[in-house]
There are 2 protein chains.
Amino acid sequence: MMNKNLVLINNYQKEMTLLNQSIALLEWDQLTYMPPNGVGSRAEQISLLSNLIHKKMISNELFTSLNALKKQKLSSKDSLMVKRLYKEVSKSRRLPEEYIKDLSKTTSLAYNAWDKARKEKKFKKFQTYLEKIVKLKKQECKYINEPGHEYNGLLDQYEEGMTVERLKPVFSKLKKDLIDLLNKIKESSNYKKQKKGMLKQHFSIEKQRNICEEVIKRMGLSKLVSRLDLTTHPFSEKIGIDDVRMATNFRESPLFSFESTMHEAGHALYEFNLPKEDAYNILGTAPSLGIHESQSRFWENMIGKQKSFWQFYFPIFKKEFNLKGDFNQWFKEVNYVKPGLVRIESDELTYCLHIILRFELELGLIEGSIKVSDLPKLWNKKMKELLGIVPRNDKEGVLQDVHWSGGSFGYFPTYAIGTIYSSQLYKQLLKEKFLVEEKIRKGNFREIILWLDKNIYKVGNKLTAEEIIKKACKEGLNPKVFTDYLTKKYSEIYEI
Amino acid sequence: MMNKNLVLINNYQKEMTLLNQSIALLEWDQLTYMPPNGVGSRAEQISLLSNLIHKKMISNELFTSLNALKKQKLSSKDSLMVKRLYKEVSKSRRLPEEYIKDLSKTTSLAYNAWDKARKEKKFKKFQTYLEKIVKLKKQECKYINEPGHEYNGLLDQYEEGMTVERLKPVFSKLKKDLIDLLNKIKESSNYKKQKKGMLKQHFSIEKQRNICEEVIKRMGLSKLVSRLDLTTHPFSEKIGIDDVRMATNFRESPLFSFESTMHEAGHALYEFNLPKEDAYNILGTAPSLGIHESQSRFWENMIGKQKSFWQFYFPIFKKEFNLKGDFNQWFKEVNYVKPGLVRIESDELTYCLHIILRFELELGLIEGSIKVSDLPKLWNKKMKELLGIVPRNDKEGVLQDVHWSGGSFGYFPTYAIGTIYSSQLYKQLLKEKFLVEEKIRKGNFREIILWLDKNIYKVGNKLTAEEIIKKACKEGLNPKVFTDYLTKKYSEIYEI
């Protein structure tokens, strides 16, 4: 006999998934092909569909069924699905309708203010909006009411189970080790004489596109199920079960499009390979943004910046772009370390320092130890402390990211968590498949994909992020694996 | 004081409009950029959103409000909106849920069967599906229960107010006059020696695209609010208030993409210019498919096939494509009449004969005087009678159109109605703006667009299709205007 409540919650999940996919297409279109003046209607369309999802999420019908199911004897899989969904639903129900509306209205105004302030390089013009957002986010922490640090409620939305208590020592250790390594590199003679040589020429966009298409295919995404388009800021979206989209941007250096394509293809490959039998329920989703980012970072950095990978791709680049220079020079240029002001343009080593800076500021704002009006000053102070450089203005500094204007507090840390996870995954892969770099050298990623499929993709949301990493790598989040990897790699490159 | 019921019906209409726009994007994407394997999820997404609209349309809450409003004193505009919406809602409510589901399931299977049957050129493989559809459509006529002929219920869905009683004599007259003119042309010596000369060369797709983009811009659609993409069968979609999309296909002859782009731009221009203050209510929509088609046909035929238009565009084509030959030869080739088997490839003169054939068959099927199993035989017989040619197989004949597999009975006639309307509109335009062809000769369409804006676009759905034509042209649907136009034009071209 069919369990009526199970049927009901499965219908709800399917409808919410299909609505989410429809929103994904509306967003994809907005960032790729939409005529500029379509933006007004687009906001209305997305807002309506988001609202329909929210209403389903907090509906009493769904909640009643979930409560009934919690008391019933179910298969272990169904029981897990109910547990996961119940947690999501309860969290959503803790936020009052009035709060949701207030936040949505505030962030919509704040985005415009941020955009304007950034263009004018004046944080002052954004300040009152951000103050309102911080106030609302503090309120949200109270509503969500996770145990421990008040910021945990925000963190938990993106990285379920993660806490300030767990993350603070991880980031402290990471910060110290990264700064130490960076300082050593900066003192080396190789650092002092480094300059871009091979990357200083014209790289045809047509050829850049071909090479991006090539690596996507090699990573296992055929054109039957995926596509690559042009956009301003690279992104990826899952539009349907067998439909994932990537978008990149072509700049002077071909590394920008190539690396960002590998990054987005890492995300897309994960989404594409999530368990299809759970395509319409919560167990078929990614458990956290950290795990998602571990997949993009894995391909972008652990694979895409390593020697054997370039032993395969350098000859292709050399031929396609008619490069002057040898492999060693190219490999160094791909891996140059150089502290910069902008997070999204930073190298593999300094990236996490940008994240830690944001995490520390967010924590201070939510705790109340930092005032919004002090942010520009503190931002610059921390930049000096972490990276040794200081922005000339607010656009290069505190106004560079869109996240805060959208109320995304607790989001930044997942970038660093994912980066650490990616190094742990690669270390374990090497341990289990010790010939994998031979295969990478031949442009063969099949073994890697099968390993990720088993350890990450097909787990879906049946384990939490850290449980997945623990099971795959025999230990949870460990920043030392990441800094050991960096130290070994960059000691060689910079001969320190 | 706000009228609660008015607020409610306006909210309903806005939500239905936004859901429809979201479906439009899902469809547009499916026909342009979607990776092939996305088709499964896409069907689920569209089905869910369609279902949400249907539920809103038949909801008791909406119906109760409408009934209350019908008894209230409202502004004349609100009162008209209530009247129009009430009619739509009542029609939808007449169809039982079970019927909707049955039809949707049947047509979904029928589409696949039609596609397969067409490939194999075997009507037999589609027959039982079509029998089921005809049975359901007869049932639908009973549910809808329009006065007069049973087919009126189907006709009314696409062409509100139109009836078999009104249309039959129109089509009889049209049929007779078209066949007479066609026979005269076929007997002329010019017809006997006609052959494509200038159109037999390679036309670069890049240049075809440029010229299509050019004519779209000249018709008043900038890239801020529109775009042109590549697809299999040309179409247009309104995606948002300031976002209309066209798609075409590039073939050997540049006339295919050019004419179809003008056709689709005619639709798009209409949608774009519908009254924006009614963007989210029924008064801001097109009153019928016939009126919509009058706009596409107006640009494709009345403008795009006339002499002064080509006096402007021929030099451009000649230069772009390096044409060998003179204007007179080109103008003749653009306007060649030649009976063919395929509706969508037919010329301006024979097109409506293809429509009349379908109308007569549909009528017979619904009346019960024609059996589905006799369709291929009757199709071929009528082709011989109307166009003098006979398909070699079912793919070239009865299986060529998708419409019946989707249950779209009553749809075809609107193509001919729109074509007649377009000739009436052009005749009236000439009467009021007698220098318009001077302007067309200079590639200036501004006066035309302003005239259409006043007489068609900005009326929206405030009048019915025939009321619009009566007001603009001082008479309703009149096939003689169309046949007079054709007779005059083709007598000159064929010197008969």
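View 1. H292(A) is buried, because its relative accessible area is 12% (buried means under 20% relative accessible area, exposed over 50%, partly exposed in between; 1.4 Å probe, protein chains only). Helices (H or I, at least four residues) and strands (E, at least two) are DSSP runs, numbered from the N terminus. This is a predicted model, in which local features need pLDDT of at least 70 and side-chain atom pairs count only at pLDDT 80 or more, while totals for chains, interfaces and linings use all residues; side-chain values use heavy atoms, with hydrogens and water left out. Residues are numbered from 1 along each chain as its sequence is written, and chains are lettered from A and ligands numbered from 1 in the order in which they are written. With neighbours within four places in sequence left aside, H292(A) is in contact with H267(A), Y270(A), E271(A) and A286(A) (contact: heavy atoms within 4.5 Å). The side chains of H292(A) and E271(A) make a polar contact at 2.6 Å. A polar contact is a pair of N or O atoms within 3.5 Å; within protein, one must be able to donate a hydrogen and the other to accept it, and residues adjacent in sequence count only if both atoms are side-chain atoms.

**View 2. The ring pair F317(A) and W330(A).** Over all chains, a search of the whole structure finds 76 aromatic pairs. Rings of Phe, Tyr and Trp (its six-membered ring) pair if their centres lie within 6.5 Å; planes under 30 degrees apart count as stacked, over 60 as edge-to-face and the rest as tilted. The ring centres of F317(A) and W330(A) are 5.6 Å apart and the planes stand at 50°, so this pair is tilted. F317(A) belongs to helix α13 (residues 307-321) and W330(A) to helix α14 (residues 327-334) of chain A, 13 residues apart. Both F317(A) and W330(A) are buried.

**View 3. E360(B) in helix α15 (residues 351-367) of chain B.** E360(B) counts as partly exposed because its relative accessibility is 23%. Not counting residues up to four places away in sequence, E360(B) touches K175(B), I370(B) and K382(B). The side chain of K175(B) is in polar contact with that of E360(B) at 2.7 Å. K382(B) is 22 residues from E360(B) along the chain, and their C-alpha atoms are separated by 9.4 Å.

**View 4. The interface of chain A and chain B.** Here 35 residues of chain A are in contact with 35 residues of chain B. The two chains bury about 2900 Å² between them, 60% of it on carbon and sulfur atoms; buried area is the accessible area (1.4 Å probe) that two parts lose on being put together, summed over both. The rule finds six salt bridges across the interface (a side-chain nitrogen of Lys or Arg within 4 Å of a carboxyl oxygen of Asp or Glu). A salt bridge joins D243(B) and R42(A) (3.9 Å, N to O).

**View 5. Positive phi at K474(A).** K474(A), not a glycine, has a positive phi of about 65°. K474(A) sits in the loop between α20 (465-473) and α21 (479-494) of chain A. Its relative accessibility is 61%, so K474(A) counts as exposed.
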